[in-house]
Amino acid sequence: DLRPPVISLTPSPGVGLLMAVLVRLTIAGRSFLGGNLEIKVAANLTASTRLAQDAWGCPRFTAESCRIALLGANANLPSSMLPQVLSKFLDRTLRKVLPSLLCPAVDAVLNLVNAKFTTMTSMIPLGTAGTLRYALLSPPVTSETFIQLDLKTILHKKEGEEVDLPADQPSLTSLPPKRDAATQLFLSASFLSAELSVMQVSFDLDISNNMVLGLPPLVTTTLGALIPELSMVLPPSQPLVIEVREANPPLVTITPDKSIVHLFSTAEFWVSSPDSAPGSLFVLDVHTDLRAQFAVVEEKLQLSLALDSLSQVALASSSIGTFDELPLKGVLADILHVAYVPSINRALRGGVPLPPLLGTPYRRVEVGRLQVG
């Protein structure tokens, strides 16, 4: 009969963990004198485990040593017989049997932990956009108070193409000190940029008049009023469609004040006439800055975006001649705010899967923001 053990774990700098287990068990059987025999045993198991990195970039514990120290034993034998009987039993039996009985339990526990590490580095689908896998960037680092895992992310688009990530990793010297009794997870801006690049195909949107309710009608007459020199070449009162397409991968920047998602898009204006094929009018290069708010929901990092500014609007090409595009900037910002940003937030609703650290759920999470130099 094995009672629940009392386990204490202590980081072993540069190695892994030292495990101390207080084991209490009762051994029952028949006494050679007749009747039931019960011996209550207390033993201290100490094991040294090494934390390393396997070929797949997965953390893995292995047992390096296991020792058993017998702390005491009590039996329900007559007191006159205890010294002789227990001495022989402890010397010849318990000290030989307990290591082979208890030390395999260390391997069993480590196998369970390693199985959770395997889950942490398994492939995670990103909806229909691609897949994500976490793996160790370098071997685990064990200090006197915590274990540090530097993870890399392996992103694949749905076609199977791997997404390039920056080779230079940010310095960890500026990270805040480890908090007691807390797990800290730091995600780099470059990782978030790569994550959004996998999903950027879902950001494309065709914006029509019925999507900009509350704004001036999306028709050629409105466009001509903004840019008078176009009123002579545009057909009157024809509906417009704006095709917004991502031209370059998104970029995430994080400072102590705010987090910004930069989108580099093209906005192509089309005349949508029921009597003829759609005709392209002009194409604008648009740099949109979206302020990001973060939250953790159901083991995922959720991003909520809001328009911060249109930092650049430039004419890329035109079939109706050159013109000053500056008057379009304000109304285009309103259109993106009303139609485009909500569409991106819907695309991001699935969130960014966080690494399942030994199956620990992300509850009571505090989301902070800092700049890593």
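**Whole chain**

Start with everything shown as cartoon. The chain has 4 helices and 15 strands; helices (H or I, at least four residues) and strands (E, at least two) are DSSP runs, numbered from the N terminus. This is a predicted model, in which local features need pLDDT of at least 70 and side-chain atom pairs count only at pLDDT 80 or more, while totals for chains, interfaces and linings use all residues. Residues are numbered from 1 along each chain as its sequence is written, and side-chain values use heavy atoms, with hydrogens and water left out.

Switch to a surface. The accessible surface of the chain comes to about 20,500 Å². Carbon and sulfur atoms hold 56% of that surface. Areas come from the Shrake-Rupley method with a 1.4 Å probe, and for residues only the protein chains shown count as cover. Of the 373 residues, 36% count as buried. Buried means under 20% relative accessible area, exposed over 50%, and partly exposed in between (1.4 Å probe, protein chains only).

Now the contacts, meaning heavy atoms within 4.5 Å. Among contacts in the chain with a separation of 6 or more, 61% are between residues 24 or more positions apart.

**Helix α4**

Select residues 328–347. This is helix α4, with 20 residues. From first C-alpha to last it reaches 26 Å, close to the 28 Å expected at 1.5 Å a residue. The expected span is 1.5 Å times one less than the number of residues.

Where does α4 bend? Center on Leu336: the bend there is about 40°. That is the angle between axes fitted to the seven residues ending there and the seven starting there.

Show the side chains of α4. The buried ones include Leu328, Val331, Leu332, Ile335, Leu336, Tyr340 and Ile344. What covers the buried residues of α4? The cover includes α3 (220–226), β10 (205–207) and β11 (240–254). It also includes β12 (259–271), β13 (279–297) and β14 (300–318).

Two strands pair if DSSP finds at least two bridges between them. β12 and β13 pair in the antiparallel sense over 13 bridges.

Follow β13 to its turn. β13 and β14 form a hairpin with 2 residues between them. Glu298 sits in that turn, with a positive phi of about 55°. Is Glu298 buried or exposed? Glu298 counts as exposed, at 69% relative accessibility.

Next, jump to Ser237, in the loop between α3 and β11. Its phi is near 55°, a positive value in a residue other than glycine. Ser237 counts as exposed, at 53% relative accessibility.

**Salt bridges**

A search of the whole structure finds 6 salt bridges. The test is a side-chain nitrogen of Lys or Arg within 4 Å of a carboxyl oxygen of Asp or Glu.

Select Glu64 and Arg50. Their side chains meet in a salt bridge at 2.7 Å, N to O. Glu64 is in strand β4 (residues 59–75) and Arg50 in strand β3 (residues 36–53), 14 residues apart. Glu64 is partly exposed, with a relative accessible area of 45%. Arg50 is partly exposed too, at 33%.

Move to Arg245 and Asp206, a salt bridge at 2.8 Å, N to O. Arg245 lies in β11 and Asp206 in β10, so the pair ties together parts that are 39 residues apart in sequence.

Then select Lys258 and Asp308, which meet at 3.7 Å, N to O. Lys258 is in the loop between β11 and β12, while Asp308 is in β14, 50 residues away.

**Last stop: Thr121**

Select Thr121, in the loop between α1 (82–120) and β5 (124–126). Thr121 counts as buried, at 7% relative accessibility. Which residues touch Thr121, leaving aside neighbours within four places in sequence? The contacts are Gly57, Cys58, Pro59, Arg133, Tyr134 and Ala135.
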